[in-house]
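Hello,

Here is the structure I promised to pass on to you. Have a look at it first, and then read on for what turned up.

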Amino acid sequence: MGKSSFSTATPIPPSSFPTIGTNIFTYPIPTRKIIPKRPRKCIVIYSISPSRAKHIWKRTSPERAETVHSDRSVDMGELLSSIQQTTDEHQLFDLMSPYKNRTLSIKFMVSLLSREPDWQRSLALLDWINEQALYSPSVFAYNVVIRNVLRAKQWQLAHGLFDEMRRRAVSPDKYTYSTLITQFGKQGLFDDALSWLSKMEQDSVKGDLILYSNLIELSRKLGDYSKAISVFSRLKRSGISPDLVVYNSMISVFGKAKFFREARLLIEEMRLEGVTPDTVSYSTLLSVYVENQKFVEALSVFSEMMEANCSVDLTTCNIMIDVYGKVDMAKEADRLFWNMTKMGIEQSVVSYNTLLRVYGEAGLFGEAIHLFRLMQRKGIEQNVVTYNTMISIYGKSLEHEKANNLIQEMQSRGIEPNAITYSTIISIWAKVRKLDRAVVLFQKLRDSGVEIDQVLYQTMIVAFERAGLVTQAKRLLHELKRQDNIPRDTAIRILAGAGRVEEAIWVFRQAFDEGEVKDIAVFGCMIDLMSTNNRYRNVIEVFDKMREACYFPDSNMIALVLNAYGKLRDFEKADALYREMQKEGCVFPDEVHFQMLSLYGARRDFETLESLFERLNSDPNVNKKELHLVVASIYERANRLNDPSRIIDQMGDNVISKL
């Protein structure tokens, strides 16, 4: 390098800088101009009014002599300490004025920025770099400042900095987008995170596996399974091969979204892609099936796991003990439990509790009592679930005194009964016609201040009804309407669980109007209740209120609402909802698509039916055999007798062979 014509300046040491009483900037940070986002219905959007555009100097500077940077002559730590004592941008600019002629390299300045954690000072320092020292705008400098403002949750400034990069012809790189996507996603601003992902793809900036994996995991934790599936599809379209972690996450996502076929096919896809399914893969799929009571499918997966010589762990064994019990294979459950030691797996209290329940459901009361006492002799720590299971077993044999003695025993051992404990004993007393004891216990619990949850309320209501005490049952139902008794959402769940349609809808309306419905599960149970009782207008009412509260429906809710619209012959609204949810990125199971096809057929809108049929027929995730059969059936019901044979002929040899 040639010798610089500028003299090398020395930094101002902290000792010579004026003493500052505070280290917090007091000047207003200039706002970056932000392009407002168009609002979308019921989606949380940070809508920002455009502020005055920040003036950007545009100079045609004369060519400078090549600068010899004085990075090594400046103590970065000392300079940083001086910067951290400034309280406004003027002080910072004065401090940095000796370096205004760019005697320090941009690499030095970016490093300095990265060591300044305060978002206001880093923003001011970026302004000095760009507008005072007139460095060429650096993507690395912007990345550091964007990171700092996002950590401080300054979402508006992040948008503004991004727009400023565009105006300065600085191309955002993978790190820019990764920072924006990750930070917005972590804060639950998932629609914003996805919009950044779309911008990244539009800029042809290739993401990496970690970025997509983080997005999938964030959406999974937020329960937004449709978005997770959408991100997974984008990952594969980008040419990135999913790894074991991503596949395992997606098995869980598909399961939670009730896409069981897709979850099962992922195991096969993993093998085709050279990714060997591990214990977590199979255990996750097993959990999906068990949670949805698909026990035969779980047995099939476990058999496949054994054939693949995949090692089992404690979780797998506990799941399969439960599965064997559900399909009346108590002997296999017993054998697996006692073979766990041979496999090098030590049984946990969950293992013992699960086998106890299996014994109880199989009527093996002697084995259950033996195992219960064996736990005590071996020093296995028992918990409230252990005792609840044994109390329930005594209840099956109507040994109410022994069940009552267990409550005293658990209390003597420092194990506090819970609502299930009391609900079980109340149910037992009702069965043996000792309702007076049940009523006394229920009243004692209420007087003691114990939270009376929906299980206890439902148990007591059922007990009164079975005894023919309708008045007492109605009194309890009436109490649920009182605002000062229990939380409204709990009352709604209780009423819905008890099948009390009128009471549930009354409490729901009151609670919603007063802003007390804050859990999407409440909307879900109400939609289920109204649909089960053919109250289709109420289904739509609850759904509209849910959308008003900005909750995003799952595929099951969509299916019930579409069915309600169909029953009410409101085909236009059904079509609008279907299209809106797809536009929002909701991924439907086949049943929802088929339902929409049926609605088009009922409306005799065969042109739209054919259009949707063609689109679904080209979708690799849709079961083609069922699709063709559904469409053929729709045409048959409409007496269009030539069309069913045409649809069947279109199935192709590969589909016909499966019939």
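This is a predicted model: local features need pLDDT of at least 70, side-chain atom pairs count only at pLDDT 80 or more; totals for chains, interfaces and linings use all residues.

Residues are numbered from 1 along each chain as its sequence is written, and side-chain values use heavy atoms, with hydrogens and water left out.

**Overall**

The protein has 35 helices and 0 strands. Of its 659 residues, 49% are buried (under 20% relative accessible area, with exposed over 50% and partly exposed in between; 1.4 Å probe, protein chains only). Taking contacts (heavy atoms within 4.5 Å) between residues at least 6 apart in sequence, 64% join residues at least 24 apart.

Beyond its neighbours within four places in sequence, Ser 249 touches Ile 216, Glu 217 and Arg 220. Ser 249 and Ile 216 lie 33 residues apart in sequence, with 7.6 Å between their C-alpha atoms.

Asn 404 belongs to helix H20, residues 400-412. Asn 404 has a relative accessible area of 16%, so it is buried. Its contacts, leaving aside neighbours within four places in sequence, are Ile 425, Trp 429 and Arg 437.

**Cores**

A nonpolar core here is a set of buried Ala, Val, Leu, Ile, Met, Phe, Trp, Tyr and Cys residues joined through side-chain atoms within 4.5 Å. The largest one has 135 residues, and those touching the most other members are Met 96, Met 109, Leu 125, Trp 128, Ile 181, Phe 184 and Met 250. Helix H5 (residues 139-151) gives the largest share of this core, 8 residues. A second, separate core has 58 residues, including Val 539 and Val 561.

As for Met 250, its contacts outside four places in sequence are Ile 216, Ala 228, Ile 229, Phe 232 and Leu 266.

**Helix pairs**

Axes are lines fitted to C-alpha atoms, for helices over the stretch in contact, and angles run from 0 to 180 degrees between N-to-C directions.

Helix H28 (residues 536-548) packs on helix H29 (residues 555-567) at about 135°, with the axes 9 Å apart. That angle makes H28 oblique to H29 (under 35 degrees is roughly parallel, over 145 roughly antiparallel, 65 to 115 roughly perpendicular, and the rest oblique). Among the residues making the contact are Val 539 and Phe 543 of H28 and Val 561 and Tyr 565 of H29.

Helix H30 (residues 571-583) and helix H31 (residues 590-602) have axes that come within 10 Å and cross at roughly 150°. The two are therefore roughly antiparallel to each other. Residues in their contact include Phe 571 and Tyr 578 from H30, and Met 596 and Leu 599 from H31.

Happy browsing, and best wishes

Conventions: Helices (H or I, at least four residues) and strands (E, at least two) are DSSP runs, numbered from the N terminus.
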